[in-house]
Amino acid sequence: MISKEMIKSLKEIYPVGTRVKLIHMEDIQAPPKGTLGTVYGVDALGSILVKWDNGSMLNVIFREDLIEKI
């Protein structure tokens with residue numbers, strides 16, 4: 001379980017509109033490494049919600065997947 005403080009912090013680090021690049025995602029449906037996207041929120045579980053430029057909307061799971069701000 002992720003704390004409310006951590007979710008608040010993630011929302012500050014990844015505000016709506018932040019551009020990100022996918023570094024690593026353990027999911028068979030993951031976009032290719034290096035895919036760019038735009039953050040559209042952080043949910044109650046701490047997942048970072050991203051609209052990927054390739055059309056995917058697969059969430060980034062905190063502590064499992066890796067993205068970087070661009």
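Which residue in S2 is the bridge partner of Arg-19? The legends below take this up first, and they describe a predicted model.

**View 1. Strand S1 beside strand S2.**
The bridge partner of Arg-19 in S2 is Thr-38. Strand S1 covers residues 19–24, and strand S2 covers residues 36–42. The two strands run antiparallel and are joined by three bridges.

**View 2. Strand S1 beside strand S4.**
S1 also pairs with S4, in the antiparallel sense, and four bridges connect them. Strand S4 spans residues 66–69. Within this pairing, Lys-21 stands opposite Glu-68 of S4.

**View 3. The salt bridge between Lys-21 and Glu-68.**
Side chains of opposite charge can pair when their charged atoms come close. Lys-21 and Glu-68 form a salt bridge in which the closest N and O atoms are 3.6 Å apart. Because Lys-21 belongs to strand S1 and Glu-68 to strand S4, the pair ties together parts that are 47 residues apart in sequence. Lys-21 is partly exposed, at 27% relative accessibility. Glu-68 is also partly exposed, with a relative accessible area of 34%.

**View 4. The salt bridge between Asp-53 and Arg-19.**
How many salt bridges does a search of the whole structure find? The search finds two. One of them brings together the side chains of Asp-53 and Arg-19, with an N to O distance of 2.8 Å. Asp-53 sits in the loop between S3 and S4, while Arg-19 is in strand S1, so this pair links parts that are 34 residues apart in sequence. Asp-53 has a relative accessible area of 48% and is partly exposed. An exposed residue must be over 50%, so Asp-53, at 48%, does not count as exposed. Arg-19 is partly exposed as well, at 29% relative accessibility.

**View 5. Arg-63 in the loop between S3 and S4.**
Where is Arg-63 placed? Arg-63 is in the loop between strand S3, residues 48–52, and strand S4, residues 66–69. Most residues other than glycine have a negative phi. Arg-63 is not a glycine, yet its phi is positive, at about 75 degrees. Is Arg-63 buried or exposed? Arg-63 is exposed, with a relative accessible area of 65%.

Definitions and conventions. Residues are numbered from 1 along each chain as its sequence is written. This is a predicted model: local features need pLDDT of at least 70, side-chain atom pairs count only at pLDDT 80 or more; totals for chains, interfaces and linings use all residues. Side-chain values use heavy atoms; hydrogens and water are left out. Buried means under 20% relative accessible area, exposed over 50%, partly exposed in between (1.4 Å probe, protein chains only). Two strands pair if DSSP finds at least two bridges between them. A salt bridge is a side-chain nitrogen of Lys or Arg within 4 Å of a carboxyl oxygen of Asp or Glu.
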